[in-house]
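The following exercises are to be worked through with the sequence and the three-dimensional structure at hand. Each task is followed by a solution in steps.

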Amino acid sequence: MEVIATDKGTNPLSNQCKLSIVITDINDNHPEISIKSLSSPVKEDIPVNTVIAVVSVSDKDSGENGQVDINISDKLPFALKESSDNYYELIVSEPLDREKMPEYDITITVTDRGNPPLSDNETIVLELLDVNDNVPQFPQTFYTIPVMENNAPGALLSSLTAIDPDLHENQYLVYFIIEKEIVNTSMSMLFSINPENGNLYALKTFDYEIEKEFLFHIEARDSGVPPLSSNVTVHIIIMDQNDNTPVIVSPWRAHGSVVEEKIPRSTDKGTLIAKVIAIDSDSVHNSRITYQFLQNTDATLFSLDQYNGEIRTMRMFSYRDSRHQRLVVIAKDNGEPALSATVTIKLSTVETALKTYADMTEVPLEYDIFSDLNLYLVIGLGSVSFLLLITILVTIVLKCQKPKPSKAAPPSRNSVISERNSTIADSTLVSNDAYWYSLFLAETRKGKLVVRQPVPKGSRYIVSSIPRSTGLSETSDSAASTLQRAVLHIIPSQKKWRKDLLLQI
């Protein structure tokens, strides 16, 4: 501006000067932020470097007081990128996840460089839209569900609920049983699952003795586009119940009957009398059988092994012991409550009959006493008997060979007929016994002795002598001895005839 100074004289005088006033800026204005464009809400799967908003900043001050700095929090997945003077772009710097952070409050701060600095801020609320990017998740990857047998049909077994962190239709789950056939039976005929909440039900009553376990898969599927799904393995284990009574299979008996056994009265101490065997169709724990005497005629006479069911004698029988013993054995399982079965055994003691060696025609060999020693004895006896038979046959063959004729035969040995029948050329002995054999005693001209022939059953038997004209040789003493042995061997029971023949010989 110009400044004029004038005095008050007659002829006033004046002078002028130019005055320049310079205003020095002070930092008295705050920076300003303006959001020019904003995209909210955005999908959570928005790509990185996508522009969310455009921001402009300004400061009325000058110099350094008008220069500003802009920033946002480093923890947010966003960044500011300068596009032109005092204009900035808000972009996505990292992938977004609605399930982790469904909404972001982005605070943009602008600060000038004055002294003291002044600042301003603006907050942008960014909402994320859900995308079906999460599959349903089960709390476990494998479910083991125990089910007690004899369950009621329709009973709830378990609840298999999956979790989907998505929203709305992306979160709505439907449950299915993945079909699998077991012995031509579909799993949907055995089990059912509620499609809305995953409750698993049994459709039938299970029997541990028939079906012990089932293995199948359950799928959970959301309603998003496209739908996502996951499955889980379910192992159903049928638990055993003590629902089967032990069955006694040994000793065998008809239903409701009594077992009767006979044992020798001379049975030794510790002898196995009987063995009770029972089976149980339940599992290992419930099928463990123990045996006990329910009734025992004489507790000092018999013992029972509680684990293997063997009944043995504790001592030998005495004359005071009853000939009839009654044993009632109970077989009890290990279940709760315990089930049992009983068997009644009636024992009768018998005397063992002793037979003489002469009356024993055949001695049966028991398998349990047929030891190696007995086998060796049988082989030895057979070998000795065979050798003895060979020796007898060889002896008979040698004796039956033709003897050399003697030159001088004494007349006293011309006949084998007794003196009381010496006048008869041929004497005949007749027997009506049907079991006798004919005995022909003859001496041929060559000196051969013939003893044989059986006559047909029912006819008479004849013993014929040799004509008086033929006789034995004086040197035939051995032949006479042989003839005597033959008579003793062939007709041992006819004492009168044997005596007459021996006298004749």
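**Exercise 1. Determine which residues asparagine 242 touches, and describe its surroundings.**

Step 1. Leaving out residues up to four places away in sequence, asparagine 242 touches Asp280, Asp282, Asn286, Asp333, Gly335, Glu336, Pro337, Ala338 and Leu339; contact means heavy atoms within 4.5 Å.

The model is a predicted one, in which local features need pLDDT of at least 70 and side-chain atom pairs count only at pLDDT 80 or more, while totals for chains, interfaces and linings use all residues. Residues are numbered from 1 along each chain as its sequence is written, and side-chain values use heavy atoms, with hydrogens and water left out.

Step 2. Asparagine 242 is placed in the loop between strand E19 (229-239) and strand E20 (247-250). Strands (E, at least two residues) and helices (H or I, at least four) are DSSP runs, numbered from the N terminus.

Step 3. Asparagine 242 counts as buried, at 14% relative accessibility. Buried means under 20% relative accessible area, exposed over 50%, and partly exposed in between (1.4 Å probe, protein chains only).

Step 4. Two of the neighbours can now be examined for polar atoms. The side chain of asparagine 242 makes a polar contact with the side chain of aspartate 333 at 3.4 Å, and it reaches the backbone oxygen of proline 337 at 2.7 Å. A polar contact is a pair of N or O atoms within 3.5 Å; within protein, one must be able to donate a hydrogen and the other to accept it, and residues adjacent in sequence count only if both atoms are side-chain atoms.

**Exercise 2. Carry out the analysis for asparagine 132: where does it lie, and is it buried or exposed?**

Step 1. Asparagine 132 is found in the loop between E10 and E11. At 12% relative accessibility, it counts as buried.

Step 2. The side chain of asparagine 132 is in polar contact with the side chain of aspartate 222 (3.5 Å). A polar atom of the asparagine 132 side chain also lies 2.8 Å from the backbone oxygen of proline 226.

Step 3. Apart from residues up to four places away in sequence, the residues that asparagine 132 touches include Asp166, Asn170, Gly224 and Leu228.

**Exercise 3. State the strand order of the open sheet of 4 strands, and identify its edges.**

Step 1. The order is E4-E10-E9-E6, with mixed pairing. Two strands pair if DSSP finds at least two bridges between them.

Step 2. Strand E4 (42-43) and strand E6 (68-71) stand at the edges; each has a single partner strand, so one side of each lacks a neighbour in the sheet.

Step 3. E4 pairs with strand E10 (residues 119-129) in the parallel sense over 2 bridges. Leucine 129 in E10 is the bridge partner of lysine 43.

**Exercise 4. Locate phenylalanine 216 and relate it to the largest nonpolar core.**

Step 1. Phenylalanine 216 belongs to strand E18 (residues 213-222) and is buried, with a relative accessible area of 1%.

Step 2. The C-alpha atoms of phenylalanine 216 and methionine 187 are separated by 7.8 Å, although these residues are 29 apart along the chain. Met187 is among the residues that phenylalanine 216 touches, as are Phe191, Leu200 and Ile236.

Step 3. The largest nonpolar core has 26 residues, and Phe216 is one of those that touch the most other members. A nonpolar core is a set of buried Ala, Val, Leu, Ile, Met, Phe, Trp, Tyr and Cys residues joined through side-chain atoms within 4.5 Å. A second, separate core of 23 residues includes Val55, Ile70, Leu76 and Ile106.

**Exercise 5. How many aromatic pairs does a search of the whole structure find?**

Step 1. The search finds 7 aromatic pairs. Rings of Phe, Tyr and Trp (its six-membered ring) pair if their centres lie within 6.5 Å; planes under 30 degrees apart count as stacked, over 60 as edge-to-face and the rest as tilted.

Step 2. Phenylalanine 191 and phenylalanine 214 form an edge-to-face pair, 5.4 Å centre to centre with 80° between the planes. The pair links strand E16 with strand E18, its two residues being 23 residues apart.

Step 3. Phenylalanine 191 is buried at 1% relative accessibility, and phenylalanine 214 is buried at 3%.

Step 4. Phenylalanine 302 and phenylalanine 317 have ring centres 6.3 Å apart and planes at 65°, so this pair is edge-to-face.

Step 5. Ring pairs also link Phe191, Phe206, Phe214 and Phe216 into a cluster.
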